[in-house]
Amino acid sequence: LVGNYNNPILQPWAAKVVKKFGEMSLAGITYPNPANQCWPEPVPFIYKSFGLEMLQGKDHITMMYDANHQFRVIRLNAKHPAHVTPSWYGDSVAHYEGDTLVIDTVGTKVDRPYSMLDLYGTPFTKSLHVVERFRLIDYDQAKGALERDLKENQPASGHIDRGYRGKHLQVQLTIEDEGAFTTPWTATITYRPSSIVDLKEWPEDVCAEN
């Protein structure tokens, strides 16, 4: 886990943090992060969890992840309060733009143990602003991302039907933080559906300190 600390999108102080964690990793030290220490994971760190289930209510959406009992509650058709109280996952509001669900998150708590945006230890500040855009796409649109995943990453475990040719869920992320980055940056994640069509229960993965 050695991040690219020479990336020009990093502010100098943030680059030093990423370099420090990279040097620890090269020295054989498994440095603590929210996942391996069982703490709440901020967005976008939480995308380390492969499993996601979204439940839509009348005025909110609940997002459940397959690790450490983590979940987020996103208010639909609402606005951020004038004064946001920082919290583990931040204050998230959402609306639909056609067939795209747009989630806007601010107010992610910075004063926390293992404060980082990813496994490389990239830091963030109180200025962090994340926009997630979810939409269902056809297999032909998802194919490139799925093939790249198989080529570049360790195959995900679990119940995956690699022969599935139906709809896939894709999220485009935009991350802004003028305190840590020199420019906004984006990422795209493509979800396959579980192959267990009749899955009745969300599998429990318990993680606790010590």
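Two strands are said to pair if DSSP finds at least two bridges between them. The legends below describe close-up views of a predicted model.

**Figure 1. Strands β4 and β5 form a hairpin.**
Strand β4 covers residues 91-97 and pairs with β5 in the antiparallel sense over seven bridges. Across this pairing, Y96 stands opposite L101 in β5. Two residues lie between the strands of the hairpin. G98, in the turn, has a positive phi of about 65 degrees.

**Figure 2. Strand β5 is largely enclosed by the rest of the structure.**
Strand β5 runs over residues 100-106. Five of its seven residues are buried, so the strand is largely enclosed. Buried here means under 20% relative accessible area. β5 also pairs with strand β6 (residues 129-137), in the antiparallel sense and over five bridges. L101 has F134 as its bridge partner in β6, and D104 stands opposite V131 in β6.

**Figure 3. Strands β6 and β7 run antiparallel.**
Strand β7 consists of residues 168-176 and is joined to β6 by nine bridges. One of the bridge pairs is L136 with L169, the latter in β7. β6 is therefore bridged both to β5 and to β7, given that a pairing needs at least two bridges.

**Figure 4. A disulfide joins C38 to C207.**
The structure holds one disulfide. A disulfide is a covalent bond between the sulfur atoms of two cysteines. In the link of C38 and C207, the S to S distance is 1.8 Å, and the angle of -60 degrees about the S-S bond makes the link left-handed. C38 lies in the loop between α1 and β1 and C207 in the segment after β8 (185-191), so the pair ties together parts that are 169 residues apart in sequence. C207 is partly exposed, with a relative accessible area of 27%. C38 has a phi near 65 degrees, a positive value in a residue other than glycine.

**Figure 5. F45 is buried in the loop between α1 and β1.**
This loop connects α1 (12-26) with β1 (52-56). F45 counts as buried because its relative accessibility is 2%. Leaving aside neighbours within four places in sequence, F45 is in contact with N33, P34, A35, M116, L117, D118 and L119. F45 and T122 are 77 residues apart in sequence, and their C-alpha atoms are 9.7 Å apart in space. P44 is found in the loop between α1 and β1 as well. A cis peptide bond joins V43 and P44, with omega about 10 degrees.

**Figure 6. N77 has a positive phi in the loop between β3 and β4.**
Strand β3 covers residues 71-76. The phi of N77 is near 50 degrees, and N77 is a residue other than glycine. Most residues other than glycine have a negative phi, and most peptide bonds are trans. N77 is exposed, with a relative accessible area of 68%.

**Figure 7. Twelve residues line the second largest pocket.**
About 220 Å³ of space lies in this pocket. K48, S49, D66, A67 and D205 lie nearest its centre. By class, the lining has five nonpolar, two polar and five charged residues.

Terms used
Residues are numbered from 1 along each chain as its sequence is written. This is a predicted model: local features need pLDDT of at least 70, side-chain atom pairs count only at pLDDT 80 or more; totals for chains, interfaces and linings use all residues. Side-chain values use heavy atoms; hydrogens and water are left out. Buried means under 20% relative accessible area, exposed over 50%, partly exposed in between (1.4 Å probe, protein chains only). Helices (H or I, at least four residues) and strands (E, at least two) are DSSP runs, numbered from the N terminus. Contact means heavy atoms within 4.5 Å. On a 1 Å grid over the protein atoms alone, a cavity is a set of points where a 1.4 Å probe fits but cannot get out, and a pocket is an open set with protein on both sides within 12 Å along at least five of seven lines; lining residues have an atom within 4 Å of a point. Grid points are joined across faces, edges and corners, and a volume is the space filled by probe spheres set on the points. Ala, Val, Leu, Ile, Met, Phe, Trp, Tyr, Cys and Pro count as nonpolar, Asp, Glu, Lys and Arg as charged, and the others, Gly among them, as polar. A disulfide is a pair of cysteine sulfur atoms within 2.5 Å.
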